[in-house]
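Okay, thanks for coming, everyone.

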Amino acid sequence: MMSNYKRLHPITAISNFLKELKQLIAPIIIFLFIGRGGHKESIWEYIPIFFMMLMILIVLISGIVKWRRFTYRLEEGELRIEYGLLVKKKRYIPFERIQSLDLSEGILHRPFGLVKVKIETAGNSNVTEAEAELTAIKKSEADEIQQIITEAKKSSVKIETNDVTFDVEQSNEIIYQISNKEMFIMASTSGGAGVIVSALLAFISQFNEMIPYEKIFKELSHLVESGVFLIIFLIVLILLVAWIGSIVVTLIKYNGFTTKLSDGNFIITRGLLERRQTTIPLHRIQAVRITENPLRQLWGYASVFIESAGGSVADKESMNVVLIPIVKKSKIPSILGDVLTDYNFHTSFHKAPSRAKNRYIIREILKVLPISAGLAIAFWPIGLLSIILLAFFAVFGLLRYRAAGWRVEQDQLSLRYRGLLKHTIFMRKNRIQSMMVKQSWFQRKLHLASIFSTVKSSGSRKTSKVYHLELSDVNRIYQWYRK
């Protein structure tokens with residue numbers, strides 16, 4: 001038992017320093033520009049630089065002090081942590097409350113054989129962050145802590161929760177491992193190019209005053225004079241570079257993605273630069289979601305996510321847990337069927353009635369009708385090409401209609417719906433937190449209604465919604481849930 005007080009690795013002081021320094025980037029940039037200039041005639045002109053250096057020094061000292069005052073140990077069935085910059089704080093976490101230990105290896109950790117350990121607990125009142133975090137410890141120590149806590153929790157052979165029982169067995173079975181082919185398909189169809197372009201534009205917007213817009217405008221004017229084809233070439237080139245960038249980001253993030261089943265937990269590992277290991281206990285799973293983006297759907301591929309109770313809303317990884325990043329959709333029932341035995345993934349769906357088709361199409365057309373009309377009037381007659389936009393959204397509405405579906409069987413509700421992505425979600429009745437039925441005036445005339453079902457997901461809630469279903473079908477779903 002690790003009963004002696006231990007400190008984190010000294011690299012934690014640097015990590016603390018960099019973390020706090022990131023919050024001061026904007027003030028530092030401001031002071032740099034205030035203090036810039038060639039010749040300084042008075043010592044008072046150096047004050048911004050001195051003040052900036054003083055802030056950096058304070059941040060560095062506070063990072064070192066935080067590291068020195070942070071200690072941890074395992075004693076009497078508890079993880080005991082003492083920390084605090086000015087006031088000494090103590091936190092005792094009983095082993096039975098610890099749901100999972102998530103490990104990650106960043107760029108600072110790997111050269112020293114270190115990992116960061118994030119402790120997730122049951123009933124954590126603070127949904128914005130993990131219960132506790134060991135920023136940098138030896139991997140051997142992390143393994144020892146994990147083993148001690150696991151052994152302590154194995155005093156009971158079964159974990160029972162909400163009428164669902166999981167047998168805890170000694171196992172270490174790989175249920176999914178990404179292949180090179182799947183990595184290439186996922187990276188090529190990730191749709192991250194738009195994210196990269198948006199991030200670049202957001203970054204540039206932070207430096208509006210420094211960008212010579214007049215000069216850029218003049219250069220663009222010359223480009224326009226050079227011809228339309230040159231402009232098209234430059235746009236295509238930018239999109240190509242963004243697409244290649246999204247491929248690189250995806251390959252780095254999901255490199256070596258593996259999902260294992262070990263002692264009643266899903267163990268998910270992935271990453272090239274930062275190696276992450278996430279533990280999801282089976283009894284924390286609230287729902288299973290299959291997602292298809294338009295490109296992958298053409299090739300029959302999908303991704304599998306799980307909605308899990310626990311985690312923090314500030315942690316995007318825990319908010320959107322990827323169980324299988326990409327796989328043939330037809331293989332999902334065989335992969336998960338033997339593991340999540342309480343779910344039926346072979347469901348056939350009841351579709352929305354044919355009279356709901358126009359509701360879906362009109363709903364989408366109305367979203368862009370003002371824009372299309374404005375373009376047509378402002379750029380007449382070329383603006384009439386904006387009719388293509390209406391046609392595009394009409395097709396999108398038709399796709400949403402075709403995707404809509406539901407199924408109730410025993411204690412499982414399955415819903416299918418589409419935004420830009422197509423989602424199929426499987427929920428156990430005892431995991432559904434709330435259900436709501438909505439009916440507009442137009443729906444009432446057609447005897448249609450919409451269903452909204454909510455489950456808990458990482459300190460927040462995740463709602464699935466299917467519009468314009470048969471009113472009798474919606475009432476059937478609602479009565480099933482009320483019973």
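Let me start with a question: in β22, which residue is the bridge partner of lysine 438? It's serine 450. And before I go on, please keep in mind that this is a predicted model.

So, where are we in the chain? Strand β21 covers residues 432-438, and it pairs with β22 in the antiparallel sense over six bridges. On to the next pairing: β22 and β23 also run antiparallel, and nine bridges join them. One of the contacts to look for there is serine 457, whose bridge partner in β23 is serine 460. Now, how many of the ten residues of β22 are buried? Nine of them are, so to speak, under cover: the strand, residues 448-457, is mostly covered.

While we have β23 on the screen, go to glutamate 470. That residue forms a salt bridge with arginine 355, and the closest N and O atoms are 2.2 Å apart. Here the pair links distant parts of the chain: glutamate 470 belongs to strand β23 (residues 460-470), arginine 355 sits in the loop between β17 and α12 (357-378), and they are 115 residues apart. Are these two buried or partly exposed? Glutamate 470 has 21% relative accessibility, which counts as partly exposed. Arginine 355 is partly exposed too, with a relative accessible area of 34%.

Let's stay with charges for a bit. As a reminder, side chains of opposite charge can pair when their charged atoms come close. How many salt bridges does the model have? The count comes to 13. Another of them is glutamate 292 with lysine 329, with 3.0 Å between the closest N and O atoms. Glutamate 292 is in strand β14 (residues 285-292) and lysine 329 is in the loop between β16 (321-328) and α11, so this pair ties together parts that are 37 residues apart in sequence. With 5% relative accessibility, glutamate 292 counts as buried, while lysine 329, at 30%, is partly exposed.

Why do both of them count as buried? The cut-off for buried is under 20% relative accessible area. Glutamate 78 has 19%, so that residue is buried, and arginine 80 is buried at 11%.

Arginine 80 has something else going on: its charged end sits over the ring of tyrosine 92, 4.7 Å from the ring centre. A second case of this kind is arginine 68, with its charged end over the ring of tryptophan 67, 5.7 Å from the centre.

What about the strands here? There's an open sheet of four strands in the order β1-β2-β3-β4, with antiparallel pairing. Which strands stand at the edges? Those are β1 (6-7) and β4 (89-94): each has a single partner strand, so one side of each is left without a neighbour in the sheet. Strand β3 (residues 78-83) pairs with β4 in the antiparallel sense over six bridges, and glutamate 82 stands opposite lysine 90 in β4.

Next, the surface. Ile47, Phe51, Leu54, Leu57, Ile58, Leu60, Ile61 and Ile64 make a nonpolar surface patch of about 690 Å². One of these, isoleucine 58, lies in helix α3 (residues 47-69).

Last topic: the rings. The structure holds nine aromatic pairs. Take tyrosine 176 and phenylalanine 257: their ring centres are 6.2 Å apart and their planes are at 70°, so we call the pair edge-to-face. Tyrosine 176 comes from strand β10 (residues 173-177) and phenylalanine 257 from the loop between α8 (228-254) and β11 (258-262), 81 residues apart. Both tyrosine 176 and phenylalanine 257 are buried, and together with Tyr254 they form one aromatic cluster.

Key
Residues numbered from 1 in each chain as written. Predicted model: local features only at pLDDT ≥ 70, side-chain atom pairs only at ≥ 80, totals over all residues. Heavy atoms only, no water. Phe/Tyr/Trp six-rings, centres within 6.5 Å; stacked < 30°, edge-to-face > 60°. Helix = DSSP H or I, 4+ residues; strand = E, 2+ residues; numbered from the N terminus. Buried < 20%, exposed > 50% of the residue type's maximum accessible area, 1.4 Å probe, protein only. Lys NZ or Arg CZ within 6 Å of the ring centre and 35° of its normal. Pairing = 2+ DSSP bridges. Patch = residues over 30% accessible without salt bridge, like charges linked within 9 Å, V, L, I, M, F, W, Y side chains within 5 Å. Areas by Shrake-Rupley, 256 points an atom, 1.4 Å probe, with all protein chains shown as cover. Salt bridge = Lys/Arg side-chain N within 4 Å of Asp/Glu carboxyl O.
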